[in-house]
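I opened my notebook beside the viewer today and jotted down what I looked up, one topic at a time.

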Amino acid sequence: MTQLILQSAVSGLLVGGMYGLVALGLALAFGVLKVLNVAHGELLMLGGYASFFAFSLWGVDPFLSLPIVFVVLFLFGVLLYQVLFKYVTRFDIENRIKNSLLISFGLVLVLQALAVRFFTADERTISTSYSSEAITVGVVRIPVIRLAGFVVAVIATVALEWMLNHTRFGRAVRATAEDWTRAALTGVDVKWVYMIAFGISAGLAGIAGAMISFGYAVSPSIGLGWTLKALIVVVLAGLGSMRGILIAGMFLGLTEALAAVWVGGAYREVVALVVFLIVMSFRPQGFFGRARV
Amino acid sequence: MSSGARWAVALVLLGGSIVLGVVSDDQQILTIAIQVFMLSALASSWNILGGFAGQISLGHAVFFGLGALVTREMWLGGSALALAILTAVVATTVVAAVIGVPLLRFRDIYFAIGTLAVGVAVFLTVGNIRPGISSLPVDALREYTFTGPYFLTLGVLVVTVIVSVLLKNSKLGLGMMAVRDDEEAAGASGVGPLRHKLSAFVISAALAALAGATFAYFSVSYYPNFPFSVVWTFEAITVVFIGGLGTIVGPIVGSAFFVILRDTLPSNIQEFQVVLFGVLFILVVLLLPGGLVEGGQRLLGSLTRSQAGRAPDAKTGETKEGKEL
Amino acid sequence: MRKRTLLVLLAVLAMILAACSSEGGDGTTTTADTGGEETTTTADGEDTSTTTGGEEEPSGEAPASIKIGAVVPLTGPFAGGGAQVERGYRYGVDAINEAGGVFVEEYGVAIPLELDLRDDASDPNQTTAIMEELGGEDIVAYLGGFGSPVHAAGTAIAERNQIAYLGVATALQALHEQGYEYYFSPFPKSPDIAVSVFELLDTIPEDIRPSRVGIFAETTDWGAELGALWEEAAQQFGYEVVLHETYAPGSTDFTDIILQAQAQDVEVLLSLPTPPDGFAMYQQMGELGWKAPFNLVVRAADVPTWNDLGAAGEGVLLSAGWHPALGFEGIEEMNQRHIDEEGRPADPVVGGSYSLVQILADAIERAGTLEHRAVRDAIAETDLMTVAGQITFREDGTSPITNPLMQRIGGGVELVWPAESATQELVYPAN
């Protein structure tokens, strides 16, 4: 029993790292542009396919293709910003959220349908020589690729934090997130910040997708499920709090895993959602968000 | 349009629908009509909460589903349809009142995500509890006609529209809109925000349950968790925004647009159809922020105005003109 | 500014449309160009189909084709299975048409079959909508998709429309206990699957024969049905069920139930996951470093991409109702075409689907008319040799057929049961 709980907890935390990674990009776009991109999961799906095809067509190891996937999705994000989300950012904050929700919902439909058309709807997954390898710590087995996914999530979080806090661009991003009009007045090119931030958000989704393509599976319809998890993680962490995302993700993953052990696999997600609602009732600002006025 | 003209159009449409239901036995036309009515009713019910009171709920399908679940279980269990529907609406109203209080403490995006979480949790739970498909028994299949569901759905839509109209012109409705426009100001001027939001939430839920009941009566076979699917919420929201948020006719126009576009394109080019729909949807959101109703009114307005020799006002898009209907 | 957005979006739209239309109807319609835009004689067909056959002289003008409506999951979680069903129908229709079509006495001529195949995206609720749509289009019968949920939804519509419905790749027995008259399914049902796996287990030499059974059942009607039947059969054959866990379909993490199976030392693991769930399950077993020595994965392992799993998926058994090595009449040509086009022997579900077209063509010919009730009655009377063996139907629409079991060995699908037509002996233990 102890082994079951320990092993489940570890699996939950590792899955939670993925939730955090997926939520990272969503939170960036929401925090900076104030757009709620429910097509984030579809960007993740595209990243997963990019990684899958790099592996199956050219034999590129999924870890090696990570930077390429990031760049490809970054560029796609920039394109989406130029074609769609740029126009959303002209609205005031409240209407931005509403309109971006609607537009990205339309985008969900389009990207899913196109993915079915071009990639077929079959489940795809990458199986490498090290797919089944694991490190044993005491009674717990830690699968290598899950651990790697977790490490990628940690690196992405740290890199993003560092960029936001220690670079000129990061300062511009934070200033824009805080109050874009003031940022614009102090000479920040808000449009540029928006575009790059959205690109990074898409790139992060791509990386998450690449990790999912060999830890889990990709198909055109996986997006919404991951978007839902990411939304919950973002709210759980507290809007605007980048650093708590990973921890909130791990919390969600751990809750699900323990719920599966104690309540039963069929109620894993239900219990996690209920816990989420309870946490929200007591801490509406999330774990790490500042209390709202 | 003047108020009289609007009523005349509404009555003509209603009369036409009744005639269609009486004379037509074309399965396809009736099916499309039923779907338009049902989605219109559901969208209108969402519109009371989302459009009037300004609370974007992503968990609306919970109430549609509850209405369907209770109606179906009782009706197939042998109760009279009317009793089943009544019970479904009462039960849903109670549930909405109970979960509404804690949920409505959340605001904006928190409310949206919170209701989404509730919606998904209920969807999964119903799937676990009622895993088997719900099909009409063979005898009922043999006797099935479209006329019954057609008139029930039409009736439910009429009820929903009447409730919306009455509400919109009532003190309660005005209070909802005040809360929508500025919650703090409304609270300061004596309009209880929670009370108004909760009223909108409960009325909206009860009407959604009514729409769900029509689904239960119309559908030959479905998995019991299907009416709880977030798809219904998304469709309702989509058509409300396409038609015109906070208007009475917007949800109906949006539903007709949505269903007819979806169903007249054959399903064997479905990906194409979804892509087309997605792109059209994005276009409407970007280019017609007030929805089809406001777009139509702007067009109508600019026509009459140019006839009167005045230049159309390019800024009408920013006015609340469309909200009047 | 708005104008520019509009232009950009229109350009994107145009590109997308071009991309979509250039690939056309996805090869889903076999005769003529694309489905849907077909202008077959609806009104004429309606008239003739309602006049009952039986008259000697040809009555009315023959329709250009006999239209069959098929609703198949080409996208979504069941797509991997739906693709096989689609291939089976397409090959079947082509074979009939190459032989001149189906002779219909009422018209005194042979008429080609026309398959109107549409995608339900693995969503039972779309299945019903599309079946309604097809029901209005003068089809002679429905062919079903893949997986019990879509069949369960579809059969009720067929029953209401009183149009015959033929389907494979569904083992849900409960569907045959509703009193439906129009639903026929020559496919192994849950009771067959429940028993055959233990018959196979009994052939393992006693000294190494496993005895501890674990069941992973999803929380669906079929999961409950087959789970209970496995329990029953295990008892009957003298095996011990040490674990019976349920999970919600669509789960992404199976750590808890895998570890419990490991803790209980499960030797025979029986499951019926959807393809995505099955992939996740076996992938995670690979990661956790545990796999039962005997695995039956109903449904998920039917899909060719199961091989993506590599070692983690190796050696699992599948119960897909058919295998080319069964050696029935007609398999050879069909299999050859599959090898030519797909580069591998016919996938398991292709055979069953193909046989449905044979059954339908035979029934129409015997009915001598396209009238729905007559076609239904003729199907009920079927006694035909098909690529899936000799087919007859019981009162409830099921068929007495053997349930072959296959095993994934070295990237291929080998027939291991029944022993007389096996292509290879059961590999045990397979972990």
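**Chain C: strands and a crossover**

I started with β9(C), where E240(C) stands opposite R212(C). I take helices (H or I, at least four residues) and strands (E, at least two) as DSSP runs, numbered from the N terminus. Before going on, I noted that this is a predicted model in which local features need pLDDT of at least 70 and side-chain atom pairs count only at pLDDT 80 or more, while totals for chains, interfaces and linings use all residues. Residues are numbered from 1 along each chain as its sequence is written, and chains are lettered from A and ligands numbered from 1 in the order in which they are written.

I then looked up the strands themselves: β8 (residues 212–218) and β9 (residues 240–247) of chain C run parallel and are joined by 7 bridges. Two strands pair if DSSP finds at least two bridges between them. From β8(C) the chain passes through helix α7 (residues 221–237) of chain C to β9(C), a right-handed β-α-β crossover. Right-handed here means that, with the strands pointing away from the viewer, the path from the first strand over the helix to the second runs clockwise.

**Chain C: an open sheet**

I traced an open sheet of 5 strands with parallel pairing, in the order β4-β1-β5-β6-β7 (chain C). At its edges are β4 (113–119) and β7 (183–184) of chain C; each has a single partner strand, so one side of each lacks a neighbour in the sheet. Inside the order, I checked β1 (residues 66–72) and β5 (residues 141–143) of chain C, which pair in the parallel sense over 3 bridges. G69(C) has Y142(C) in β5(C) as its bridge partner.

**Chain C: helix α6**

I checked the length of α6 (residues 190–202) of chain C: its 13 residues should span 18 Å at 1.5 Å a residue, and the end C-alpha atoms are 19 Å apart, which agrees. The expected span is 1.5 Å times one less than the number of residues. The buried residues of α6(C) include I193(C), V197(C) and L200(C). By my cut-offs, a residue is buried if 20 or more other C-beta atoms, placed from the backbone, lie within 10 Å of its own, exposed if 12 or fewer, and partly exposed in between. Their cover includes α7, β10 (268–271) and β11 (294–297) of chain C.

**Chain A**

I counted 11 helices and 2 strands in chain A. Its C-alpha trace spans about 60 × 50 × 35 Å along the principal axes. Of its 293 residues, 61% are buried.

**Where the chains touch**

Which residues does chain A bring to chain C? I found 33 residues of chain A in contact with 38 residues of chain C; contact means C-beta atoms, placed from the backbone, within 7 Å. On that side of chain A, α1(A) gives the most, with 5 residues.

Next I turned to chain B, where 26 residues are in contact with 31 residues of chain A. The largest share of this side of chain B, 11 residues, comes from α5(B).

A80(B) counts as exposed, with 10 C-beta neighbours inside 10 Å. From A80(B) to F63(B) is 17 residues in sequence and 21 Å in space, C-alpha to C-alpha.

Methods: Two residues are in contact if their C-beta atoms, placed from the backbone, lie within 7 Å.
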